[in-house]
Amino acid sequence: MTEDKYPIFTAILTELGYLPVREHLFWPGRRFRFDYAWPDAKLALDVQGGVYTRGHHTRGKGYEDDNIKSNEAVLRGWRVLRCTPGQIESGQALRWIQRALNAGFW
């Protein structure tokens with residue numbers, strides 16, 4: 001598991017009772033992992049870093065890989081929320097997670 005880039009966010013989730021699984025491997029045999037996941041609810045959050053600096057998620061190969069990952073997750077029954085680091089900092093990502101986990105979709 002890699003270092004948690006958002007330890008305060010992880011702590012807030014945990015304190016609120018939304019204990020995430022970090023770096024969840026959802027597709028055995030592939031390298032695709034979710035940054036945060038709630039496997040029982042089949043809910044995931046992927047953080048799209050580098051969106052303003054032409055990082056991996058905004059370049060051709062990275063964008064294609066993200067599409068494969070997201071589409072395969074949906075086809076396996078996952079709901080995938082995507083956000084930027086700024087949306088974590090603003091609280092928007094937390095609000096999306098709360099809505100999804102409290103909506104009773106599973």
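## Sheet

Two strands pair if DSSP finds at least two bridges between them. Strands (E, at least two residues) and helices (H or I, at least four) are DSSP runs, numbered from the N terminus. On this basis, four strands form an open sheet in the order β1-β2-β3-β4, with mixed pairing. β1 and β4 (79-83) are the edge strands, each pairing on one side only. Neighbouring strands of the sheet are turned by 40° against each other on average, direction ignored. Axes here are lines fitted to C-alpha atoms, for helices over the stretch in contact, and angles run from 0 to 180 degrees between N-to-C directions.

This is a predicted model: local features need pLDDT of at least 70, side-chain atom pairs count only at pLDDT 80 or more, and totals for chains, interfaces and linings use all residues. Residues are numbered from 1 along each chain as its sequence is written, and side-chain values use heavy atoms, with hydrogens and water left out.

## Strand β3 and its partners

β2 and β3 run antiparallel and are joined by three bridges. Ala37 has Ala44 of β3 as its bridge partner. On the other flank, β3 and β4 pair in the parallel sense over five bridges. There, Asp46 stands opposite Arg82 in β4.

How many of the five residues of β3 are buried? Five of five, so to the count: β3 is mostly covered. Buried means under 20% relative accessible area, exposed over 50%, and partly exposed in between (1.4 Å probe, protein chains only). Leu43, Leu45 and Val47 point one way from β3. Ala44 and Asp46 point the other way, and all are buried.

Helix α1 spans residues 7-15, and its Phe9, Thr10 and Leu13 are buried. These residues cover an arc of only 100° around the axis, which puts them on the same side of α1. The arc is that of the directions from the helix axis to the C-beta atoms. Ile8 and Glu15, on the other side of α1, are exposed.

α1 lies across β1, β2 and β3 and runs at about 25° to β2. Its buried residues pack against β1 (21-25), β2 (33-38) and β3 (43-47). They also pack against α3 (85-90) and α4 (92-102). Contact means heavy atoms within 4.5 Å.

## Aromatic cluster

A pair of aromatic rings is described by the distance of the centres and the angle of the planes. Rings of Phe, Tyr and Trp (its six-membered ring) pair if their centres lie within 6.5 Å; planes under 30 degrees apart count as stacked, over 60 as edge-to-face and the rest as tilted. The count comes to five aromatic pairs. Phe26 and Phe34 are stacked, at 4.4 Å centre to centre with 15° between the planes. Both Phe26 and Phe34 are buried. Trp27 and Phe32 are also stacked, at 5.6 Å and 20°. Trp27 and Phe32 are both buried. Ring pairs link Phe26, Trp27, Phe32, Phe34 and Trp78 into a cluster.

Two arginines sit over Trp27. Arg30 lies over its face, at 4.7 Å from the ring centre. The charged end of Arg76 is over the ring of Trp27, 4.3 Å from its centre. A charge sits over a ring if NZ of Lys or CZ of Arg is within 6 Å of the ring centre and within 35 degrees of the ring normal.

## Phe26 in its loop

Phe26 is found in the loop between β1 and β2. Why does Phe26 count as buried? Because its relative accessibility is 7%. Leaving aside residues up to four places away in sequence, Phe26 touches Phe32, Phe34, Lys69, Glu72, Ala73, Arg76 and Trp78. Phe26 and Lys42 are 16 residues apart in sequence and 9.5 Å apart in space, C-alpha to C-alpha.

## Positive phi angles

Lys42 is found in the loop between β2 and β3. The hairpin of these strands has four residues between them, and Lys42 takes a positive phi near 50° there. Lys42 counts as partly exposed because its relative accessibility is 32%.

Glu23 is found in strand β1. Glu23 has a positive phi of about 55° although it is not a glycine. Just after α1, Gly17 takes a positive phi of about 90°.
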